[in-house]
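Biologist: Okay, let's walk through this one together. Start with the terms I'll need.

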Amino acid sequence: MNLKDQTNKLVLLNNVFAGAGKPYNGLATNVLDQGNLMNISRNYFLFNNQALSDYHLTIQSLALNYSKIDFRNYPEWKPEWEYDLNHNVKSRKMEIGLTRSF
């Protein structure tokens, strides 16, 4: 992601950053970075099928339900939508009861 320099606020919550590179380029005056996981190896996250661009997490992935955000305190940040493999937006299913921690 490229930011306009001096972006006022950047919020990065509960993301998986897989592979080389940085999450963003540019300067932000205020960054909230919470619950994100980063690893240079895409294999670390156990994606469903990278060869077919299916980056859903498998049930074995340590990133599944890694979230550190209590959405009861931030209901406006609760994820409601996701992209499917055809780049369409669909309702996001919340995975409950499989909480993991590192």
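Modeller: One term before anything else: a polar contact is a pair of N or O atoms within 3.5 Å, and within protein one must be able to donate a hydrogen and the other to accept it, while residues adjacent in sequence count only if both atoms are side-chain atoms. This is a predicted model, so local features need pLDDT of at least 70 and side-chain atom pairs count only at pLDDT 80 or more, whereas totals for chains, interfaces and linings use all residues. Residues are numbered from 1 along each chain as its sequence is written, and side-chain values use heavy atoms, with hydrogens and water left out.

Biologist: Fine. How many helices and strands are in the protein?

Modeller: Zero helices and eight strands. Those are DSSP runs numbered from the N terminus, where helices are H or I with at least four residues and strands are E with at least two. The C-alpha trace spans about 40 × 35 × 30 Å along its principal axes.

Biologist: And what share of the residues is buried?

Modeller: Buried residues are 19% of the 102 in the protein. Buried is under 20% relative accessible area, exposed is over 50%, and partly exposed is in between (1.4 Å probe, protein chains only). The accessible surface comes to about 7,600 Å², and 49% of that belongs to carbon and sulfur atoms. Areas are from the Shrake-Rupley method with a 1.4 Å probe, and for residues only the protein chains shown count as cover.

Biologist: Which residues make up the largest nonpolar core?

Modeller: Five in all: Leu37, Phe45, Phe47, Ala63 and Tyr66. A core here is a set of buried Ala, Val, Leu, Ile, Met, Phe, Trp, Tyr and Cys residues joined through side-chain atoms within 4.5 Å. As background, nonpolar side chains in soluble globular proteins tend to be buried together.

Biologist: What does phenylalanine 45 touch?

Modeller: Not counting residues up to four places away in sequence, phenylalanine 45 touches Val16, Phe17, Ala18, Leu37, Met38, Asn39, Leu57, Ser61 and Ala63. Contact means heavy atoms within 4.5 Å.

Biologist: Is serine 61 buried or exposed?

Modeller: Buried, because its relative accessible area is 0%. Serine 61 sits in the loop between strand 6 and strand 7 (81–83).

Biologist: Switching to asparagine 36. Where is it?

Modeller: In the loop between strand 3 (31–34) and strand 4 (37–39). Asparagine 36 counts as buried because its relative accessible area is 17%. Its side chain has a polar atom 2.8 Å from the backbone oxygen of leucine 12, and one 3.3 Å from the backbone nitrogen of asparagine 14. Leaving out residues up to four places away in sequence, asparagine 36 touches Leu12, Leu13, Asn14, Asn15, Phe17 and Tyr66.

Biologist: What about asparagine 48, which side chain does it make a polar contact with?

Modeller: That of aspartate 54, at 2.6 Å. Asparagine 48 lies in strand 5 and is partly exposed, with a relative accessible area of 47%. Beyond neighbours within four places in sequence, its contacts are Asp54, His56 and Thr58.

Biologist: Last one: which residues form a nonpolar patch on the surface?

Modeller: Trp81, Tyr83 and Val89, with about 410 Å² of accessible area together. Patch residues have over 30% relative accessible area and no salt bridge; like charges are joined within 9 Å and nonpolar side chains (Val, Leu, Ile, Met, Phe, Trp, Tyr) within 5 Å. A salt bridge is a side-chain nitrogen of Lys or Arg within 4 Å of a carboxyl oxygen of Asp or Glu. Valine 89 lies in strand 8 (residues 89–91) and counts as exposed because its relative accessible area is 53%.
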